[in-house]
Amino acid sequence: MSHQPLRDAENRLDTAMGKAFLSERVVLRGQDLHHDLSDLDWFGLHLFGITGRRFSREACELLGYLWACTSYPDPSIWPNNTAALAGSVRATAGLAMAAGLVSSEAGLFGVKPLVKVVDF
Amino acid sequence: MSQAEGPVYHTAIWAEEPEADNPFAARAAYCRGYDVYSELLPQAGWFEYLLLLFRGERPSPAEAALLERLAVAIAHPGVRDASVRAAMNSGVSQATHAATLMTALAVGSGLYGGSEEVAVCLRLWTALGMDLPGWQAALAAREAPERADIWRPLEHAPGFDPNGESCPTPVQQTLELLAAVSPGQVLSWLQEHRMALESAAGAPLAMTGVIAAACHDLQLDEHRAAMLVLMLRLPGAAVQALEQRERGWRQFPFFGRHIHLTDDPGRRDGEPS
């Protein structure tokens, strides 16, 4: 064991994900955000950022439909209930959304079973 | 320490001396000038250390005792508290423990019963001190803020419960005990003038009001008070969440039938609603 990996990484962050050269340009996964990726809408850019892939119009429509038709605004769903509780005590919108989001990385539903299903 | 150029963090709180064989591991750590592992670890109490961290100076025994009593008073906000309910949602869902505490923090941060309400009270303590007419005017007023903010405008007198009837017994008990042990003056002043302030507020004193007064007696500003309150309220949320995780979802309340939709377009499949 050695601290050499820490020394090698000290004061340096190597990344292929991107960087903003402020007032000049922005790079995302090796592409110029405002030129190479300018044809993407927000959802397409969101998917490109996560996967590094461009999805077809049909695939984006399918995924968009899945996103939309599973958006249940029901406060009996526990992460939504948490966000509603945050609103009821007058926390900020960001805190309410964040509280609901982290609650959905759950074992009973949400991200954990989703990861297992995808892996299966 | 490496001599490489890079980002520099400036702090008066913490310093370290590196191990001889590893510049990334501390041989000694100093908090506000005290050696953490040679001096504080064997000698400092938890609440002494907290006040050292938050205020920069070693507290008096009376100040540490006041913070400890405050911490006991608010360690569990109660099962009906929104932050505890949020934590239980997370616990029964088997979310991560960090997520559970994050939800308790987020839902415990609000202007109604949360850390932001405590912060507002601290701003009033700083501005008004023990000026009773000033407090009465401030509690009766509902000022509209000049600028938009992430925090909504206050809808009630800060430190008082708009949904209360009379000052709850635990709030009175906490105020009485904290006033008796406090080295400061505002807790006693609050106890003496509680009813006059409640009359001005149109609402009974809430635990947030007591917390804020205690923090002012501890010479904590609004930011330090809010941060401490967020931390000190977590234990109850944590254990309630763990219990629900173990009890399981089958016995956890489901609110579906209690939700009444007021803007229902009705079914679109031809079946009766």
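Modeller: Helices are DSSP runs (H or I, at least four residues), numbered from the N terminus. This is a predicted model, where local features need pLDDT of at least 70, side-chain atom pairs count only at pLDDT 80 or more, and totals for chains, interfaces and linings use all residues. Residues are numbered from 1 along each chain as its sequence is written, chains are lettered from A in the order in which they are written, and side-chain values use heavy atoms, without hydrogens and water.

Biologist: What makes α6(B) roughly antiparallel to α12(B)?

Modeller: Helix α6 (residues 115–128) of chain B packs against helix α12 (residues 222–232) of chain B at about 150 degrees, axes 8 Å apart. That angle makes the α6(B) and α12(B) pair roughly antiparallel, the label for angles over 145 degrees.

Biologist: Which residues of α6(B) and α12(B) meet?

Modeller: With contact meaning heavy atoms within 4.5 Å, S115(B), V118(B), A119(B), L122(B) and R123(B) of α6(B) meet E222(B), A225(B), A226(B), V229(B) and L230(B) of α12(B).

Biologist: And why are α3(B) and α11(B) called roughly antiparallel?

Modeller: Helix α3 (residues 61–74) of chain B and helix α11 (residues 207–217) of chain B pack at about 165 degrees, with axes 10 Å apart. By that angle, α3(B) and α11(B) are therefore roughly antiparallel too. Their contact includes L66(B), L70(B) and I74(B) from α3(B).

Biologist: How do you know that R90(A) and E155(B) form a salt bridge?

Modeller: The rule wants a side-chain nitrogen of Lys or Arg within 4 Å of a carboxyl oxygen of Asp or Glu. R90(A) and E155(B) come in at 2.5 Å, N to O, so the pair passes. The count between chain B and chain A is one salt bridge.

Biologist: What area is buried between chain B and chain A?

Modeller: About 2800 Å², with 66% from carbon and sulfur atoms. Buried area is the accessible area (1.4 Å probe) that two parts lose on being put together, summed over both. The contact takes 39 residues from chain B and 27 residues from chain A.

Technical notes: Axes fitted to C-alpha atoms, helices over the stretch in contact; angles between N-to-C directions. Helix = DSSP H or I, 4+ residues; strand = E, 2+ residues; numbered from the N terminus. Parallel < 35°, antiparallel > 145°, perpendicular 65-115°, else oblique.
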